[in-house]
Amino acid sequence: MELNKQSDWVARSLRSVWHPCTQMQHHETVPLIPVKSGKGAWLYDHEGRRYLDAISSWWVNLFGHANPRINAALKDQLDTLEHAMLAGFTHEPVIELSEKLSALTGHVLGHSFYASDGASAVEIALKMSFHSWRNNGKSGKQEFVCLKGSYHGETIGALAVTDVALFKDAYGPLLRASQTVMSPDARNAAPGETAEDMAHKAAADVERLFIERADKIAAIIIEPLVQCATGMAMHDPLYLKLVRELCDRHSVHLILDEIAVGCGRTGTFFACEQAGVWPDFLCLSKGISGGYLPLSLVMTRDEIYQSFYSNDVTRGFLHSHSYTGNPLACRAALATLQIFEEDDVLAANRVKAARLTAALQPLAQHKQVRNFRQRGMIWAFDAIDATPDFSRRFFATAVEHELLMRPIGSTVYMMPPYILNDEEIDGLAANTLAVFDKVMAG
Ligand SMILES: Cc1ncc(COP(=O)(O)O)c(C=O)c1O
């Protein structure tokens, strides 16, 4: 007797796999899709149905699934060196990647420290900031500042600088307190106010805090241009410029979390380029390996690096992860950067973005939509009067329309891979409208 493979995989998964960011009981009504394969922007299940990966599989996949160029680089690397520890040893992929990334910052951020996931990169940046101040005789600088609605990951340290109640509240008793300042989210502008006005207001909030207690603050951490996980809250680049000036004036480190917004997502390779500033620490992950392998890193300045450079082992940064600088992941990242160079991806994305924005106009003008917004390769809008289960119903309806999309609360967003063709762009817009209408009609 032939087994229904699809339902078999679902049942086995639900029995043994504890899925992330999921109330498992919801799978009694929300479908679980067993993915058999991926090609380009599409994922395929065991029954041959396909799903356009409109959110790049949690924002990691830049150049499609089974990308031939990244595949070839990985196959070659696999036959050369799969892994070697990075303490006492080094290797070509990690050196080349560090050099290339440094060059992309004009060598301002010339030192890269590696880990595997985004939250670990955030932990590293927080620890490095504190330790650097301590090595410089300022051990009283122990606090961190984050933005309202910020999301920087879910390990204990990263969660302390995250301000999303759904993820944070249950673990409140475990977390170190941090200072929270207002978000420059342009949606909160009062009538007659601009996004730039919001940037000034939010920067004034930072200034108030710095005047009061900069001697106790090690760093402020910001997700530049788009606070993604809180619901694609976008702000004016001016905010970053103003905060950079405040950090310089009050001796506070600036950590920019470009885990989601880096790698071309906002239109420039690094989001902070649009503000003309560099941070003291820049966290990268997700797209840097093309969505292939877990890789994260923190890039920092020479002054920070020098503050650890000593004969004394305890002044060193002794943090480590077993897979630090994994050669396969670094090689995937090098192949990803090569595609950026060879295909002039940032320019090509501007053309794709204009087409998708135009195709989404029926949604932008929809009477049940507010705050339609776009930056680079991120689109979002908020549903008016969405029901509490809007996100789940949208997901379930989207899969019926060949789409992988997961709204955040009542915010529908798209973060597609950079390889959509015209037909896929138009299909994405038309299907999103159809799904939205169906869900809003109940
Ligand atoms: C801005 C930002 N920082 C940190 C993280 C944490 O990354 P990871 O899920 O790889 O730990 C995420 C993940 O979505 C993120 O969006």
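## Strand pairing, helix crossing and a buried residue

In strand β5, E143 stands opposite I217 of β7. The model is predicted: local features need pLDDT of at least 70 and side-chain atom pairs pLDDT 80 or more, whereas totals for chains, interfaces and linings use all residues. Residues are numbered from 1 along each chain as its sequence is written, and side-chain values use heavy atoms, without hydrogens and water.

β5 and β7 pair in the parallel sense over three bridges; pairing requires at least two DSSP bridges between two strands. Both belong to an open sheet of seven strands with mixed pairing, in the order β4-β12-β11-β10-β7-β5-β6. Its edge strands are β4 and β6, each pairing on one side only. The twist averages 20° from one strand to the next.

The elements with stated limits are DSSP runs (helices H or I, at least four residues; strands E, at least two), numbered from the N terminus.

| Element | Residues |
|---|---|
| Strand β5 | residues 143-147 |
| Strand β7 | residues 217-222 |
| Helix α11 | residues 327-343 |
| Helix α14 | residues 390-400 |
| Helix α15 | residues 422-440 |

The axes of α14 and α15, lines fitted to C-alpha atoms over the stretch in contact, come within 9 Å and cross at roughly 130°. Residues of α14 including F390 and F394 meet residues of α15 including V435 and F436, contact meaning heavy atoms within 4.5 Å.

F340 lies in helix α11 and counts as buried (under 20% relative accessible area, 1.4 Å probe, protein chains only), because its relative accessibility is 10%. Beyond its neighbours within four places in sequence, F340 contacts L62, F63, C263, G264, F269, V345, L346 and Y418.

Definitions and conventions. Axes are lines fitted to C-alpha atoms, for helices over the stretch in contact, and angles run from 0 to 180 degrees between N-to-C directions. Buried means under 20% relative accessible area, exposed over 50%, partly exposed in between (1.4 Å probe, protein chains only).
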